[in-house]
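Good morning, and thank you for coming.

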Amino acid sequence: MSAGRHRNRTNIHLASVAAAVGVLVVTAGGYFGYRQLAAPDCSGSVQLAVAVAAELAPAVDSAATEWENGGAAVGGTCVEVSVTASEPVGIAATVAAKHGAILPGVGQVSGAVVSPDVWVPDSSAWLLRLKSGGASEFNPGNGASIARSPVVVGVPEPIASQLGWPEQEFTWSALVSQVNDTEPLKAGTVNPTQDAAGLSGLLALSAAAAAGEDGQAATVGALRALSASSADRRQELLAKFPTSVDPTTMARSLGAAALSEEDLLSYNAGDPVVPLAALYPKPAATPLDYPYAVLPGIGSAKTAAARMLFDVLTTASFKDRLASLSLRGPDGTWGAGFSVPEGAPSPAADGDSATGDLDLLAVERVVSSWSIATQSGRMLCVIDVSGSMREPVASANGMSRQQVTLAAAGRGLHLFDDSWQIGLWEFSTNLGSGRDYRRLVEIGPLSSQRSELEAALTQIQPTRGDTGLFDTVLAAYEAVQEGWDQGQVNSIVLFTDGKNDDDNGISQQQLITELERIKDPERPVQVVLIGIGADVSKAELESITKVTGGGSFITEDPTKIGDIFLNAIALRETGS
């Protein structure tokens, strides 16, 4: 190497990650290239690959450039940094594939999986979702924030003025009322399973809806309203805002959406005909916090280099780089040149909405509810009515396992829209005609039989029989396969609190052999088995889903089956 440091930049190009099962995950943005470095005080190189949310990448790249030109080295070895502007959903899919995690709505990458050494997504929610999705060994170092952008509600200025902006304080409860009104405000969102700002907004909106009167109906109404004007990418959503003040155009266009403050400022910087006002509803939504995540298994030299780069990205001068990109510092304050939106609260007021307060259960519920409410499917629900379902649940005020299960199924039913096809069976042993199951409602469209399903759920009662699991699974599989619908995900969701104990039924091996014989790759039927209590055999359930596809979920606490049910359906519907 010659003396002095220099770098050769490549032109910006687009990269993409294709996800399996029909889901396209795009990693788009600028690639800033490996720098060719030279200095008399270091030799060799430690190459550090850093993937950064696209809006933050220019600031990270320029800071890394200055650091390298100043003599970046680890133990006498030169440090070379490559900064790739990447959409967080793409890297999340890559990391999930590497660690065997499943993320609803994200899908799975195909082909070779290469993850970065350091990842700076736009939100800690991605790290949380990976851990909850099964990446048990995913323990990124650091994770401290290096930037912030509050999540706001973007509203065209003429509409915002009618709502009292910028003087009047706005609440998420008010937005719920506007969205569910008889003449609703046309609200939309970026798919919250793929976008952190969309997720933050939906978390705040759902919490406000649930806290009001008839919370279930208000929540479902808000989900449906948002899905009608949803988009998979932020730019697609922004394109739905009005491009003219003509009343007809305004009425047909998007009237409100949760966005990052940076997105809104960038949009307005393009001098649109109809600028967006930034509303900051109370309580403040979880901001985008841009965590600096050092991924595990990268080696000591890269880890040391990553720590040094983090120090560079937390200096006072870096806050000024952020300001030029319409981003704040991690504490919510801003550097020189930041353009403060009209009506923005003080940084101190924004600081009370820390991302560390993200509730994993709330995130899972919102992601699952969105996946169910915005997709359709064909499903047979099968519920155990054996004698053990009578057992009381201590953590549910004395409700029985049966009652807790039926309550969870009922809440889930409210999320399904009329495009779903759903049927209902119950099972135990000897339920008539020599069968271990009873058909209560045949699979059909909810548009015509929702009330029939609701009534059937209220009539289910536990018997004194045993658990005829194997015979029931086979019969349910054959029934769903017989009416298989090419346009839907065809599936079975079965609740049980025990092992198969039907002495007069088929054996486990006979079931597996028969499922292997009749399954058809051209007509797949996924089986989701939800086990309740300590008497369920995980091995028994997994032996079934290994053949059919789907998955098994077990909890010893019956009060958790509602959330498990939502998660299971969401994963099934996204093809994971």
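The accessible surface of the protein chain comes to about 23,200 Å², and carbon and sulfur atoms account for 49% of that area. Please keep in mind that this is a predicted model. The chain has 576 residues, of which 55% are buried. Its secondary structure consists of 20 helices and 19 strands. Turning to contacts between residues at least 6 apart in sequence, 78% of them join residues at least 24 apart.

Let me move to the interior. In soluble globular proteins, nonpolar side chains tend to be buried together. Here the largest nonpolar core has 131 residues, and the members that touch the most others are Leu56, Trp119, Tyr292, Leu309 and Phe416. Helix H6, residues 196–211, supplies the largest share of this core, with nine residues. There is also a second, separate core of 27 residues, with Leu380, Val382, Ala475 and Val547 among them.

What does Tyr292 contact, apart from its neighbours within four places in sequence? Its partners include Val118, Trp119 and Val120, then Gly141, Asn142, Gly143, Ala144 and Ile146. Tyr292 is also in contact with Ala306, Leu309, Phe310 and Leu313.

Ala306, Leu309 and Phe310 bring us to helix H11, where they are among the buried residues, together with Ala305 and Val312. Viewed down the axis of H11, the buried residues fall within an arc of 150°, so they line one face of the helix.

I shall finish with the cysteines. The structure holds one disulfide. Which residues form the disulfide? They are Cys42 and Cys78, with their sulfur atoms 2.0 Å apart. The link is right-handed, with 90° about the S-S bond. Cys42 sits in the loop between strands E2 and E3, whereas Cys78 belongs to strand E5, so the pair ties together parts that are 36 residues apart in sequence. Cys42 is buried, at a relative accessible area of 9%, and Cys78 is buried too, at 0%. Cys381 also counts as buried, with 6% relative accessibility.

Thank you; I welcome your questions.

Note on methods
Residues numbered from 1 in each chain as written. Predicted model: local features only at pLDDT ≥ 70, side-chain atom pairs only at ≥ 80, totals over all residues. Heavy atoms only, no water. Core = buried A, V, L, I, M, F, W, Y, C linked by side-chain atoms within 4.5 Å. Buried < 20%, exposed > 50% of the residue type's maximum accessible area, 1.4 Å probe, protein only. Helix = DSSP H or I, 4+ residues; strand = E, 2+ residues; numbered from the N terminus. Contact = heavy atoms within 4.5 Å. Arc of directions from axis to C-beta. Areas by Shrake-Rupley, 256 points an atom, 1.4 Å probe, with all protein chains shown as cover. Disulfide = S-S within 2.5 Å.
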